[in-house]
Amino acid sequence: MNDPWDFYTSSPVVVDTLVYFGSGGTMYAINGKTGTEIWNYSTNDVIHTSPALNANSIFLGGWSGKLYALNALNGTERWIYSTGTDVTHLMQGIQASPTIADNLVVFGSRDAQVYALDISTGNKIWSTGFGGSWMPSTPAYSNGVIYCGSSEGGGLKALNKTTGSVLFTASEGFYCTFSSPAIAGETAFIGCLNGSLFAVDIRSGTIKCRFDTDGRILDPLNAILDNGTLNPDVFNPVSGYPYTQAVEYTRRLLTAGSIASTPVMANNTLYFGSSDSSLYAVYPNEWCTKEFEVSTESIELGITSQQITDTAFYVHNTGNCTDSIMIRVTNANAATVNALTIQPNRFEVMPGESIKVKIRLNTSAVTTCNSYSATLVSQSVSTVTQSKSTVFNYTTPSATGILQSNAKQTVDIYPNPFSKSLNITYSVEQDCFVDIRMYDALGQLVNIVT
């Protein structure tokens with residue numbers, strides 16, 4: 001069976017003119033200019049890890065739970081170390097790529113342990129476990145401290161390089177850190193399968209801020225709760241050991257913009273990929289204060305003769321940095337409402353400024369409920385920062401708000417007919433949404449402007 005939690009394949013490592021990579025159960029070394037094979041080494045088990053190099057040695061993990069040390073010049077075997085099998089799922093294998101930490105090679109395994117082996121002999125110096133959780137996160141090393149995530153071990157861990165003891169755990173809103181941490185200065189950045197990227201102070205373990213992917217914010221399943229935990233209504237029906245349930249469990253989780261990739265820092269920009277089919281670039285070097293308010297003082301409600309409800313409210317940026325706002329509308333049953341138009345759906349608000357948001361709801365498509373919530377989620381465009389939600393409730397108004405189809409309106413189109421461009425001006429007697437529909441000479445719809 002395919003493993004629904006097997007997210008990785010081996011990435012290449014390039015040193016001078018040589019390229020090292022795993023494919024199937026074989027590690028290859030090829031000439032990077034000509035593609036000519038220099039050597040290959042068969043492990044007889046699938047290689048999912050990317051190789052790590054140190055001097056003339058190359059290190060890689062196999063799906064049988066073994067870590068291999070090879071001569072990087074000719075592929076001959078130096079030593080092999082075998083890890084165990086996890087006691088919960090009876091599975092084995094090394095997903096995490098090894099990391100060189102001075103005289104140690106450090107890696108995680110599905111037997112729920114992080115290992116530190118002597119780089120020359122392969123002898124175990126220490127191993128550390130986090131309560132039975134797989135260790136699929138490739139460690140990062142900086143100044144005598146090893147940083148790594150875990151499948152369900154509670155977030156980012158900092159380990160003493162010499163002893164393996166846990167120095168701190170950063171765990172607010174973390175879930176399944178298959179991503180590997182990236183260290184930049186005094187901050188570690190790590191992604192989670194719940195669709196969030198965290199920035200952690202590596203001196204104290206304090207979480208500086210959180211960035212949520214569009215997939216998490218707009219997830220139609222609402223798989224992740226605001227605190228970063230799994231929504232039991234989504235996952236309880238598929239929680240169990242049958243293979244089909246495990247596959248469906250993973251599929252639902254990945255709708256939340258999961259981050260299994262390792263972030264990369266370049267030119268003060270942090271890049272990472274997400275399961276929402278997006279590549280993100282965020283700027284983590286400028287921390288700022290974010291706040292926004294939702295004003296309900298200028299609510300405008302009305303139902304047209306086509307059973308459409310319009311509502312409007314204002315968003316005020318009370319912080320000192322630009323905020324990017326995204327909106328998701330749900331009904332009283334917490335189900336996402338799709339029969340609507342939000343203008344604008346995503347927008348930026350400068351510090352001290354306000355913006356008006358309109359929501360058009362097609363009430364004929366959501367007849368089971370007449371109370372809704374517009375949740376606004378803010379994340380700064382100038383930094384990776386803590387997302388924040390504010391809920392604005394509105395209820396479909398009574399028929400007294402109906403805008404009659406014969407209401408006073410004026411429309412002026414010129415030139416008419418036209419060939420390249422035209423101007424359309426109009427006025428209505430109250431604030432509402434307007435659709436402008438264009439047809440060709442055959443009566444076929446060409447475009448709609450809302």
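Ring pairs join Trp5, Tyr8, Phe178, Phe235 and Tyr249 into a cluster, where rings of Phe, Tyr and Trp (its six-membered ring) pair if their centres lie within 6.5 Å. The model is predicted, so local features need pLDDT of at least 70 and side-chain atom pairs count only at pLDDT 80 or more, while totals for chains, interfaces and linings use all residues. Residues are numbered from 1 along each chain as its sequence is written, and side-chain values use heavy atoms, with hydrogens and water left out.

**Aromatic rings**

- A search of the whole structure finds 14 aromatic pairs, and in such pairs planes under 30 degrees apart count as stacked, over 60 as edge-to-face and the rest as tilted.
- The rings of Phe107 and Tyr115 are a stacked pair, because their centres are 5.4 Å apart and their planes stand at 20°; both Phe107 and Tyr115 are buried, a word that means under 20% relative accessible area, with exposed meaning over 50% and partly exposed in between (1.4 Å probe, protein chains only).
- The rings of Phe211 and Tyr280 are edge-to-face, because their planes stand at 75° with the centres 5.8 Å apart.
- This pair links distant parts of the chain, since Phe211 in strand S20 (residues 207-212) and Tyr280 in strand S23 (residues 279-282) are 69 residues apart; strands (E, at least two residues) and helices (H or I, at least four) are DSSP runs, numbered from the N terminus.

**Charges over rings**

- Arg110 lies over the face of Trp134, at 4.0 Å from the ring centre, where a charge sits over a ring if NZ of Lys or CZ of Arg is within 6 Å of the ring centre and within 35 degrees of the ring normal.
- The charged end of Lys157 is placed over the ring of Phe130, 4.9 Å from its centre.

**Salt bridges**

- The whole structure holds 8 salt bridges, each being a side-chain nitrogen of Lys or Arg within 4 Å of a carboxyl oxygen of Asp or Glu.
- Glu186, Asp201 and Arg203 are linked in a network of salt bridges, and within it the side chains of Arg203 and Asp201 meet at 2.7 Å, N to O.
- Arg203 counts as exposed at 57% relative accessibility, whereas Asp201 counts as buried at 9%.
- Arg210 and Asp212 also meet in a salt bridge, at 2.8 Å from N to O; Arg210 is buried at 10% relative accessibility, and Asp212 is buried at 3%.
- In another salt bridge, the closest N and O atoms of Arg252 and Glu248 are 2.7 Å apart, and because these residues are 4 residues apart in helix H3 (residues 243-254), about one helical turn separates them.

**Cysteines**

- A search of the whole structure finds 0 disulfides, a disulfide being a pair of cysteine sulfur atoms within 2.5 Å.
- Cys176 is in no disulfide, and the nearest cysteine sulfur, that of Cys192, is 8.6 Å away.
- Cys176 is buried with a relative accessible area of 5%, and Cys148 is buried with one of 1%.

**Strand S34**

- Val411 lies in strand S34 and is exposed, with a relative accessible area of 56%.
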